[in-house]
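Here's a quick tour of a protein model for someone new to reading structures. Have the viewer open and follow along.

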Amino acid sequence: MASQKLHLFIDTNAFLSFFAYTKDDVEELKKLASLIKIGQVKLYLTEQVRDEFYRNREKKLFESISLFQKSALSTGIPRFMAEYPQVADYTRAVKKALKAKDEAIQRAKREAEAERLAADALFRQIVKVARIRKVREEDYAAATRRTRRGNPPGKEGGLGDRLNWEMLLRLVPEENDLHLVSKDGDYVSALNPAAPDRFLLAEWRKKKQAELVLHAELRPFLTQHFPKIKFAVDVEKRVAIDDLKHSRNFASTHAAISELRPFLDTLTPDEIDELIDAAEMNSQI
């Protein structure tokens with residue numbers, strides 16, 4: 001687990017990507033919610049991001065469903081192959097696949113309309129555990145000045161990204177690195193797509209005496225800082241293991257064992273070895 005709390009901002013496009021074609025999946029949101037809950041990650045979720053999410057949600061879903069709907073399965077067969085028994089198998093498989101595809105699309109539309117998609121539920125959970133950061137008049141004023149001066153982030157005349165940035169400058173304590181998950185070009189260096197915009201980086205360093213770290217997706221951030229966390233259930237299990245390893249007295253050992261008991265059936269061989277090593281090294285276990 002990370003040794004200290006990590007400060008994180010996820011822009012709207014990154015949240016909306018869970019309704020699109022992306023390397024991230026909803027398990028990443030589950031892990032994030034758990035990490036926020038136990039205090040390992042502090043997510044800055046602004047009113048602006050929440051409103052943008054719901055304002056653009058249906059459009060993103062429509063685009064993703066339409067793209068999947070247009071993806072083709074070839075039903076045409078070259079005449080010279082028509083008598084092959086494998087072609088008959090292929091034709092049946094295509095018909096079955098097309099039927100399954102149509103059923104999946106209809107289900108997705110129903111669940112999207114009812115906001116019952118897994119990503120919907122997890123976004124609501126993240127809103128609950130992270131808490132929405134309210135926009136203040138001072139944030140609007142600062143973002144407006146930023147827009148008029150033409151300073152990033154955001155496109156010419158746009159206020160949304162600049163409002164989020166001004167809120168981050170107000171909310172994140174000094175001397176804390178900020179991890180920013182975004183595919184939005186407005187946050188990204190024009191010379192290096194893996195690095196943040198140089199103007200924003202310089203501003204963060206000057207005002208916060210800390211670094212600004214860019215991640216294109218949520219998965220690389222979680223993989224880098226929480227490499228032992230593969231699934232959401234691993235978050236609480238990891239905490240229980242670490243608490244047991246570092247217990248200093250009988251009471252804390254007993255409490256850690258109680259925390260670990262629900263996860264006994266999910267322990268991996270490496271985790272079992274880790275616990276055996278801890279028992280040998282820590283006389284309190």
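Predicted model: local features only at pLDDT ≥ 70, side-chain atom pairs only at ≥ 80, totals over all residues.

Residues are numbered from 1 along each chain as its sequence is written, and side-chain values use heavy atoms, with hydrogens and water left out.

**Some words you'll need**

- Buried means under 20% relative accessible area, exposed means over 50%, and partly exposed is in between (1.4 Å probe, protein chains only).
- Helices (H or I, at least four residues) and strands (E, at least two) are DSSP runs, numbered from the N terminus.
- Contact, or touching, means heavy atoms within 4.5 Å.

- Which residues of helix H11 (residues 250-260) are buried? They are Thr 253, Ala 256 and Leu 260.
- Looking down the axis of H11, these buried residues fall within an arc of 65°, so they line one face of the helix. The arc is that of the directions from the helix axis to the C-beta atoms.
- The general rule behind this is that an α-helix has 3.6 residues a turn, so residues three or four places apart point the same way.
- Over on the other side of H11, Phe 250 and Ala 251 are exposed.
- The cover over the buried residues of H11 includes helix H10 (232-245) and helix H12 (269-281).
- At the start of H11, a side-chain oxygen of Asn 249 comes within 3.2 Å of the backbone nitrogen of Ala 251.

**Nonpolar cores**

- A nonpolar core is a set of buried Ala, Val, Leu, Ile, Met, Phe, Trp, Tyr and Cys residues joined through side-chain atoms within 4.5 Å.
- The largest one has 50 residues, and those with the most contacts inside it are Ile 10, Phe 15, Leu 32, Leu 43, Ile 126, Trp 165 and Trp 204.
- There's also a second, separate core of seven residues, including Ile 241, Leu 244, Leu 260 and Leu 275.

**Aromatic rings**

- Rings of Phe, Tyr and Trp (its six-membered ring) pair if their centres lie within 6.5 Å; planes under 30 degrees apart count as stacked, over 60 as edge-to-face and the rest as tilted.
- How many aromatic pairs does that rule give? The count comes to eight.
- Phe 15 is buried at 2% relative accessible area, and Phe 123 is buried at 1%.
- Another pair, Phe 19 with Phe 53, is tilted, at 5.8 Å centre to centre and 40° between the planes.
- Phe 19 lies in the loop between H1 and helix H2 (26-37) and Phe 53 in helix H3 (residues 47-70), so this pair ties together parts that are 34 residues apart in sequence.
- Phe 15, Phe 19, Phe 53, Tyr 54 and Phe 123 form one aromatic cluster.

**Charges over rings**

- A charge sits over a ring if NZ of Lys or CZ of Arg is within 6 Å of the ring centre and within 35 degrees of the ring normal.
- Lys 101 lies over the face of Phe 68, 5.4 Å from the ring centre.
- The charged end of Lys 208 sits over the ring of Trp 204, at 5.8 Å from its centre.

- Most residues other than glycine have a negative phi, and most peptide bonds are trans.
- The peptide bond from Pro 152 to Pro 153 is cis, with omega near 5°, and Pro 153 lies in the loop between helix H6 (137-149) and helix H7 (160-171).
- Arg 131 has a positive phi, near 70°, and it sits in the loop between H5 and strand S4 (132-133). Arg 131 is partly exposed at 48% relative accessibility.
- Glu 175 also has a positive phi, near 65°, in the loop between H7 and strand S5 (178-181). Glu 175 is exposed, with a relative accessible area of 61%.

**A look at Ser 182**

- Is Ser 182 buried or exposed? Ser 182 is buried, with a relative accessible area of 2%, and its place is in the loop between S5 and helix H8 (198-208).
- The side chain of Ser 182 makes a polar contact (a pair of N or O atoms within 3.5 Å; within protein, one must be able to donate a hydrogen and the other to accept it, and residues adjacent in sequence count only if both atoms are side-chain atoms) with the side chain of Asp 11, at 2.6 Å.
- A polar atom of the Ser 182 side chain also lies 2.9 Å from the backbone nitrogen of Asp 184.
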